[in-house]
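The sequence and the structure are shown first.

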Amino acid sequence: MPEPDPYAAKEAITPGDGGAMTLATEDAETLEAGPVPGGPASGKARSLWSDAWHDLRRNPVFVVSALIIIFLVLIAVWPGLIASGNPLQCDLAKAQEGSQPGHPFGYDAQGCDVYTRTVHGARASIAVGICATAGATLLGSVLGGLAGFFGGWWDALLSRIADIFFGIPIILGGLVFLSVVTSGSVWPVVGFIVLLGWPQISRIARGSVVTARQNDYVQAARALGAGNARMLLRHIAPNAVAPVIVVATIALGTYIALEATLSFVGVGLKPPTVSWGIDISNASVQIRNAPHMLLWPAGALSITVLAFIMLGDAVRDALDPKLR
């Protein structure tokens with residue numbers, strides 16, 4: 001009896017036209033030849049995070065925004081790298097003067113170097129954004145994750161509390177809450193943003209945990225006797241954290257803009273703290289006589305917020321399987 005032809009069998013079980021049969025035959029030959037060296041199918045299955053990092057490295061939006069953010073963080077930590085002057089040292093004789101050698105951004109209404117203040121202003125704004133995002137993400141993730149995992153009365157209570165905070169207008173709440181605070185440091189602003197920012201993260205975390213809790217691997221872990229803590233930390237949290245990271249990344253830029261808004265209206269950061277919002281507020285009354293006073297801090301704020309929003313969009317596209 002003649003031996004069966006393996007390629008004939010492969011073509012026989014492949015429906016469709018001749019192009020589909022050819023594709024099946026080529027796939028079979030590729031599998032028999034082994035994986036391509038250096039290719040994605042080199043014998044190791046890639047996780048969601050490795051796939052996301054693979055896509056992010058090839059996304060120009062992510063690369064550009066990440067480079068801008070790294071530069072901003074560096075000058076926020078070490079402003080002396082590019083600005084050696086003192087942002088609080090002013091000379092009234094040079095008030096509102098334009099660009100000069102050694103002072104490319106000119107002077108503000110108090111005779112302070114706009115370039116130096118713009119560079120040093122990154123520290124307060126980025127510190128508020130990072131600390132507020134970390135606090136809101138931690139608090140919202142814990143409360144939302146527990147509510148989504150246990151459900152019942154805890155879930156109902158948390159949802160009603162979150163609804164109360166959602167009903168507070170954030171600018172009006174800032175005017176009321178921060179107007180009674182005498183300190184002009186970053187911490188009252190950070191505390192206020194965390195207080196009103198955690199409900200959004202909480203809802204995202206709750207929905208992600210509820211979805212992950214229904215997967216088969218969680219049910220299998222429960223059937224094998226895994227405790228609540230182990231299921232939540234080992235099986236649910238790693239698979240529910242991606243949407244939280246995306247929302248937190250985008251919210252960071254929003255919180256920086258919120259700090260600048262509160263400082264602009266006089267209830268956020270206060271002198272002698274150097275902030276973009278304070279400089280924009282001081283420059284707004286002199287915009288016709290000295291527009292350079294407003295242009296540079298406002299431009300720095302816009303670039304920073306845009307960079308974090310672009311980073312969040314790139315991370316969302318990389319972590320969302322529906323957008324692949």
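## Packing around helix H5

The crossing in which H5 passes H10 is right-handed. The axes of these two helices lie 8 Å apart, and the packing angle is about 145°. Sorted by class, the residues in the contact of H5 with H10 comprise 17 nonpolar, seven polar and one charged. The model under discussion is predicted.

H5 also passes H8, again in a right-handed crossing. Here the axes come within 5 Å and cross at roughly 35°, with H8 covering residues 186-213. The contact of H5 with H8 contains 20 nonpolar, nine polar and two charged residues.

## Length and ends of helix H5

Helix H5 runs over residues 114-150, which is 37 residues.

At the start of H5, the backbone nitrogen of Tyr115 has a side-chain oxygen of Asp113 within 3.4 Å. At the other end, H5 is followed by Gly151, which has a positive phi near 65°.

## Overall composition

The protein has twelve helices and zero strands. Its pattern along the sequence is accordingly written α-α-α-α-α-α-α-α-α-α-α-α. Of its 324 residues, 39% count as buried.

## Aromatic pairs

The count of aromatic pairs comes to seven. One of them joins Trp153 and Trp154 in an edge-to-face arrangement, with 6.1 Å from centre to centre and 85° between the planes. The two partners fall into separate accessibility classes: Trp153 has a relative accessible area of 65% and is exposed, because the cut-off for that class is over 50%. Trp154, at 26% relative accessibility, counts as partly exposed.

Phe165 and Trp198 form an aromatic pair that is likewise edge-to-face, at 5.7 Å centre to centre and with 65° between the planes. Phe165 belongs to helix H6 (residues 152-166) and Trp198 to helix H8, so this pair ties together parts that are 33 residues apart in sequence. Trp198 counts as buried because its relative accessibility is 6%, and buried means under 20%. Tyr115 is the residue whose backbone nitrogen is approached by the Asp113 side chain at the start of H5.

## The loop between H10 and H11

Which peptide bond is cis, with omega near 10°? It is the bond from Pro271 to Pro272. Pro272 has its place in the loop between helix H10 (228-264) and helix H11 (276-284), and Pro271 is found in the loop between H10 and H11 as well. Pro271 is exposed, with a relative accessible area of 63%. In space, its C-alpha atom is 8.9 Å from that of Ser185, although Pro271 and Ser185 are 86 residues apart in sequence.

Thr273 lies in the loop between H10 and H11 too. At 22% relative accessibility, Thr273 counts as partly exposed, since a residue would have to be under 20% to be buried. The C-alpha atoms of Thr273 and Gly184 are 7.1 Å apart, while the two residues are separated by 89 residues in sequence.

## Other loop residues

Gln96 is found in the loop between helix H4 (60-77) and H5. Its phi is positive, about 65°, although Gln96 is not a glycine. With 29% relative accessibility, Gln96 counts as partly exposed.

Ala290 and Ala109 are 181 residues apart in sequence, yet their C-alpha atoms are 8.5 Å apart in space.

Definitions and conventions. Residues numbered from 1 in each chain as written. Predicted model: local features only at pLDDT ≥ 70, side-chain atom pairs only at ≥ 80, totals over all residues. Heavy atoms only, no water. Helix = DSSP H or I, 4+ residues; strand = E, 2+ residues; numbered from the N terminus. Expected span 1.5 Å × (residues − 1). Polar contact = N/O pair within 3.5 Å; in protein donor to acceptor, adjacent residues only side chain to side chain. Axes fitted to C-alpha atoms, helices over the stretch in contact; angles between N-to-C directions. Left-handed = near helix turned anticlockwise from the far one by under 90°. Nonpolar A, V, L, I, M, F, W, Y, C, P; charged D, E, K, R; others polar. Phe/Tyr/Trp six-rings, centres within 6.5 Å; stacked < 30°, edge-to-face > 60°. Buried < 20%, exposed > 50% of the residue type's maximum accessible area, 1.4 Å probe, protein only.
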